[in-house]
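Subject: Structure for your review

Dear colleague,

Please find below the structure that I am handing over to you.

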Amino acid sequence: MIKLEHLNKTFGNHQALTDINTEFKEHQTTVIVGPSGSGKSTLLRSLNLLERPENGLYHFNDETIDFTKPLTSKTILTIRRKTGMVFQGYNLFPHLSVLKNVMEGPVQVLKQDAAAAQKTALDLLDKVGLQDKADAYPGQLSGGQQQRVAIARSLAMNPEYILLDEPTSALDPELEAGVLRVLLALAQEQDSMIIVTHNMEFARAVADKILFVEDGKILFDGTPAEFFKQPTQRIADFLAAMT
Ligand code: ADP
Ligand code: MG
């Protein structure tokens, strides 16, 4: 389980996160929503240590990071392994086939043998609906297919949590649907996921928990059922503006 206590992060004189306290349970999907510039990406990137809050505690299972203290490279490596960030599909290796893209991390980083890594990679490509594209190159795929390869590649590293920052924001609606279907299936298999999205219909379908972030603060932390009942005027206004 991930637990955050009193996290604060500033960029220059801009406070991007203010006193963040929350938990991300295993086998649950948390969806982070909120207006543009509210701190959603900063929160997600802090979980992967791509951003470094100035203070606060980050508990990951038995490990605790106190952000006022220097981080060791061992801690950074451990946390990065456990939290797989799915970047927009564009950072696939263009000169490697889809299959090799998915195998690369397990073989190079986790030192799996090629046959085992290939078997896992093919299973994962099957899972994201791209078994017939194993030998294609990223440039031959649509944006939605590339994003599904990026998801398979992240899963191949077997992280405990999968982090996705607006995974479909660059996609046309008809390509978005395929990616959302894959994420919904992962959620139903009870993978542990944390997803930033503007798609409220998807949030409602996939989330076990919703975080509503505004101006660097968590203004709502609860179930989708509660959230979509519009418990505050601010949430009602936000939802009205999103539809
Ligand atoms: P969101 O993902 O909700 O749109 P972000 O977490 O990206 O918001 O950004 C939160 C705030 O922090 C914004 O005001 C943004 O401009 C600022 N910010 C984010 N990253 C940086 C950075 N590297 N340097 C300076 N300001 C940043
Ligand atoms: Mg963002």
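The notes below describe what was found in the structure.

Residues are numbered from 1 along each chain as its sequence is written, while chains are lettered from A and ligands numbered from 1 in the order in which they are written. The model is predicted, and local features therefore need pLDDT of at least 70, side-chain atom pairs count only at pLDDT 80 or more, and totals for chains, interfaces and linings use all residues.

Confidence

The mean pLDDT of the protein (the predictor's confidence in each residue, from 0 to 100) is 95. Of its residues, 99% reach 70 or more. The model has an ipTM of 0.98 and a pTM of 0.96. Where pLDDT is low, predicted coordinates should not be read in detail.

Strands at the start of the chain

Helices (H or I, at least four residues) and strands (E, at least two) are DSSP runs numbered from the N terminus, and two strands pair if DSSP finds at least two bridges between them. Strand β1 covers residues 2–11 and strand β2 residues 14–24; the two pair in the antiparallel sense over 7 bridges. Within this pairing, L7 stands opposite I20 in β2. The two strands form a hairpin with 2 residues between them, and G12 in the turn has a positive phi of about 60 degrees. Strand β1 also pairs with strand β4 (residues 55–60), again in the antiparallel sense, over 5 bridges. Here K3 stands opposite H59 in β4.

A residue is near a molecule if its C-beta atom, placed from the backbone, lies within 6 Å of it. The residues around ligand 1 are F11, H14, A16, G34, S36, G37, S38, G39, K40, S41 and T42. Both β2 and α1 (40–47) supply at least two residues of this shell, and α1 gives the largest share, 3 residues. By class, the shell has 2 nonpolar (Ala, Val, Leu, Ile, Met, Phe, Trp, Tyr, Cys and Pro), 8 polar (the others, Gly among them) and 1 charged (Asp, Glu, Lys and Arg) residues.

A residue is buried if 20 or more other C-beta atoms lie within 10 Å of its own, exposed if 12 or fewer, and partly exposed in between, with C-beta atoms placed from the backbone. In α1, 6 of the 8 residues are buried, so the helix is largely enclosed by the rest of the structure. These buried residues are K40, T42, L43, L44, S46 and L47. Just after α1, L49 takes a positive phi of about 65 degrees.

Helix α4 (residues 114–127) has 14 residues and reaches 20 Å from its first C-alpha to its last, close to the expected 20 Å (1.5 Å times one less than its number of residues). Its buried residues include A117, A121, L124 and L125. Seen down the axis of α4, the buried residues fall within an arc of 100 degrees (taken from the directions from the helix axis to the C-beta atoms), so they line one face of the helix. On the other side of α4, A115 and K119 are exposed.

Two loop residues

D215 has a positive phi of about 55 degrees although it is not a glycine. D215 is found in the loop between β9 (209–214) and β10 (217–222), and is partly exposed, with 14 other C-beta atoms within 10 Å.

Yours sincerely
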